[in-house]
Amino acid sequence: MARTDDDSWDITESVGATALGVAAARAAESRSDKPLFDDPCAQIFVDAAVARGWSSPFTAADPGPAQATRIRMVSAYAAARTKWFDEFFASAGADGIHQVVILAAGLDARAWRLPWPDGTVVFEIDQPKVLAFKEETLAAHGIQPVARHVAVPVDLRQDWPEALRQNGFDPTQPTAWLAEGLLPYLPAEAQDLLFERLHELSAPGSRAAVEGFGTDYFSDENQRIRKARMDAIREEAAKAGQQVTDVSELFYIEPREDVADWLTRHGWQTTVETSAEVTARYKPELAAEMLDIGSEFVDGKLA
Ligand code: SAM
C-alpha cells in the first residue's frame, strides 16, 4: 500500500497491522518453552483483531519452507528486540527515571507487564485508532496498568510535543524514550525532526533506546538482497495459492543519518549493539541460521 504524508490507519490496516505482527510474535514467544518474557496481553490483542477479521501472517496454513523460516526468524528477532528494550527500562528505572515516553507504542504492553518503580508515568504515542483499539481491548479484559498510563493519540509527523505537554509531560524531568519498530515508517526528514524534538524535550539525565536503521540498511545492495529473499518466499507461497505481506513496502526507502551519530552530535553518550549481537545474545540456539536484519540498538544518555 502506497504511503502518503498524512495517511492514517486502524489497527488492522497498513502500518497499524505491523503492530499486530509484533504482538503475534510476542504471543508466540510467551508460549514458547523458555520465553525471554511473558506478555499476556499479546495474544489478547491478536484474538481481538482476528475477531475483527484480521488474519495473522504467523498462522498461515502450511507455509512453505522459505516462509516458515522467515516467520521463525522474524519472530525470534522481535522477541530479542523486546527483551533488549525491557532491559533498557529496568536500567532507566535503576537510574531513577520516572517519566517514560513510548513513541509509536502500537501494542507494546510494557506499561501493563513490567515492574515499574513507584510513581512511574508511561506516555504512549501512536495514531488514535491504534491506541483506541488497545485501550478498548484491555478494558474489555479488565487489565490494569502497573505504571500510570497516559495515551497520547497523535501522529508523529504532527506536533506531538504539544500533545505530550497537554497530557502532563514534564520536560524538566529526565525521560526514558523508546523508539522500537518505528523509524523506517517515517520519511528521513521526519526522523530528523523526531530526534530534534526528543532532544529539546530531554532534561539532563534522560535516556533514549532506539532501534536504528543506518544509511547502509537502505543501500541499493541491501535492498537487492532483501528483495531477492522476499521474491523467493512469494514465489513459493504463490505455488501454494498464498499471499505474503512484506512490511518493507510500507517503509520510506531513503538514506538517513545513523541514529547513534545523530545523538552523539547532539551531546548524548551512546552505546550501540548490532541486531546480530542482540539476537546472538538472546537467541543463541538460532545463531547458525539467523538472518542478519541489519538494524542496530542504540542506548543514549544525555549528561
Ligand atoms: N513499538 C511497537 C512495538 O514494538 O510493539 C509497535 C511497532 S509497529 C511495527 C509500528 C507502529 O508505529 C504502529 O503501531 C504504527 O501505528 C506506529 N506508527 C508508525 N508511523 C507512525 C506515525 N507517523 N505516527 C504515529 N504512529 C506511527
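Modeller: A residue is termed buried under 20% relative accessible area, exposed over 50% and partly exposed in between, with a 1.4 Å probe and protein chains only. The model is predicted, so that local features need pLDDT of at least 70, side-chain atom pairs count only at pLDDT 80 or more, and totals for chains, interfaces and linings use all residues. Residues are numbered from 1 along each chain as its sequence is written, and side-chain values use heavy atoms, without hydrogens and water.

Biologist: Why is S14 called buried?

Modeller: The relative accessibility of S14 is 15%, and the limit for buried is under 20%; therefore S14 counts as buried. S14 is placed in helix α1, helices being DSSP runs of H or I with at least four residues, and strands runs of E with at least two, numbered from the N terminus.

Biologist: What is the phi of S14?

Modeller: Phi is positive, about 40°, although S14 is not a glycine.

Biologist: Why does A104 count as buried?

Modeller: A104 has 18% relative accessibility, to be set against the limit of under 20%, so A104 counts as buried. A104 lies in the loop between β1 (99-103) and α4 (110-113), and its phi is near 55°, a positive value in a residue other than glycine.

Biologist: Which helices each supply at least two residues of the lining of the second largest pocket?

Modeller: These are α1 (14-31) and α3 (65-94).
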